[in-house]
Amino acid sequence: MRIARFSMGDQVAFGVVEEGGQVIARIGGHPFHGVEFTGERFPVAEVRLIAPMLPSKIIAIGKNYADHAREMGGEPPAEPVMFLKPNTTVIGPSEAIAYPGKLTERVDYEGELAVVIGRLCRDVPAERASEVIFGYTCANDVTARDLQARDGQWTRAKGFDTFCPLGPWIETELDPADLAITTTLNGEVRQSARTSLLLHDIPALIAYVSAVMTLLPGDVILTGTPAGVGPMSVGDEVGVTIEGIGTLTNRVISRD
């Protein structure tokens, strides 16, 4: 099932995407409490898809593909490299990534598979990780690369407003073990990999993260980006496509 969040006029609602992404059937309330259809159905082209979830926090994993770890100048880490992005970084499909040109000289795309947590949990064993997953979506862990290198820690580089596009919807019925993930810049493929190449798979990540902090419904775990990261410029369009989910597309504008 594909769960989307959308706006129409001054209303915001959740819905189930049907008919190959052409129609959205509105549901009452929040999907965490069950899916109950209201009977209203709208063409997707007549509504605005927005970020499918507003997490309390985004937990991101760095250097979780060996080739990306090496392109960043080091060997793959023995344990997951974990950092946080504020929820103010979240934007939805077709919303603009705002390039803060007065503060950074290089902003990179990082296409990733994102996991959406469906229930409050802590200390989750890897073998029970599937019990706390609501679904999966596409993400772009936008990064000010020069600030990342300058600061040593990554909060500023990863934390600008609009630096976490999510969408276009959440796929709830998906095996994430071996999915194709592709990132394009202005239509040209820049990243291409499969999630089977993750150094630490999703059950391991949920166990690792939940041993540190309580996860709340709606929290998002970014699972890492493959090799091929690179800079974006104002006017560019970046797309993240994940097999079985769809494509998240955003343009880059100037924040200044």
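Leaving aside neighbours within four places in sequence, which residues is Ile242 in contact with? In this predicted model, the list runs to Glu112, Leu113, Thr137, Cys138, Leu179, Ala180 and Ile181.

Ile242 also turns up in the largest nonpolar core, a group of 38 residues. Along with Ile24, Ile206, Leu215 and Ile221, Ile242 is among the residues with the most contacts inside that core. Helix 4 gives the largest share, with four residues. Apart from this core lies another one, made of 20 residues, including Ile3, Trp154, Leu166 and Val220. As a general background point, nonpolar side chains tend to be buried together in soluble globular proteins.

Ser210 is buried, because its relative accessible area is 0%, and the cut-off for being buried is under 20%. Its side chain reaches the backbone nitrogen of Val124 at 2.9 Å. Besides Val124, and again setting aside neighbours within four places in sequence, Ser210 is in contact with Arg122, Asp123 and Leu215. Leu215 has already come up as one of the residues with the most contacts inside the largest core.

As for the start of the chain, an unreviewed UniProt entry lists residues 1-52 as "domain: Rv2993c-like N-terminal". In the model, this span is 58% strand and 0% helix, and its end C-alpha atoms lie 13 Å apart.

Note on methods. Residues are numbered from 1 along each chain as its sequence is written. This is a predicted model: local features need pLDDT of at least 70, side-chain atom pairs count only at pLDDT 80 or more; totals for chains, interfaces and linings use all residues. Side-chain values use heavy atoms; hydrogens and water are left out. A nonpolar core is a set of buried Ala, Val, Leu, Ile, Met, Phe, Trp, Tyr and Cys residues joined through side-chain atoms within 4.5 Å. Buried means under 20% relative accessible area, exposed over 50%, partly exposed in between (1.4 Å probe, protein chains only). Helices (H or I, at least four residues) and strands (E, at least two) are DSSP runs, numbered from the N terminus. Contact means heavy atoms within 4.5 Å. UniProt positions are given in the numbering used here, feature names are shortened, and annotations may be inferred rather than shown by experiment. A polar contact is a pair of N or O atoms within 3.5 Å; within protein, one must be able to donate a hydrogen and the other to accept it, and residues adjacent in sequence count only if both atoms are side-chain atoms.
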